[in-house]
Amino acid sequence: MLKITLKNGKRYDALDGTAIYPSGSPNARSRMEIHMAEDAMTTAEFEAAFMDEAATAKIRLTKTTDEDNTKIVFDTVRS
């Protein structure tokens, strides 16, 4: 299971194609490619959630196993 957690604590389910591409330069912004199910939210809800600068100041991308004994596969933070 893949989850996106914003700085304001809101969590969203994401699909496996979601990725964070760090720029490697303090002068260039990192890029995030978000893939979600079509019925996850409307376009307006998506824009409201991910265009809020305060909420997206820190974005955590966490992948866990789908087993009964859940384990973290990776946990990436972009801030």
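Is Tyr-12 buried or exposed, and what is its relative accessible area? In this predicted model, local features require pLDDT of at least 70 and side-chain atom pairs count only at pLDDT 80 or more, whereas totals for chains, interfaces and linings use all residues. Residues are numbered from 1 along each chain as its sequence is written, and side-chain values use heavy atoms, with hydrogens and water left out.

Tyr-12 is buried, at a relative accessible area of 15% (buried: under 20%; exposed: over 50%; partly exposed in between; 1.4 Å probe, protein chains only). The structure holds 2 aromatic pairs (ring centres of Phe, Tyr or the six-membered ring of Trp within 6.5 Å; planes under 30 degrees apart stacked, over 60 edge-to-face, the rest tilted). The ring centres of Tyr-12 and Phe-50 lie 5.5 Å apart with planes at 50°, so this pair is tilted. Tyr-12 belongs to strand E2 and Phe-50 to helix H1 (residues 43-50), 38 residues apart (DSSP runs numbered from the N terminus: helices H or I of at least four residues, strands E of at least two). Phe-50 is also buried, at 14% relative accessibility. Ring pairs join Tyr-12, Phe-46 and Phe-50 into a cluster.

Strand E2 is part of an open, antiparallel sheet of 4 strands in the order E2-E1-E5-E6 (pairing requires at least two DSSP bridges between two strands). E2 (11-14) and E6 (72-78) are the edge strands, each pairing on one side only. Strand E5 (residues 59-64) runs antiparallel to E6 and is joined to E6 by 6 bridges; Arg-60 has Val-77 in E6 as its bridge partner.
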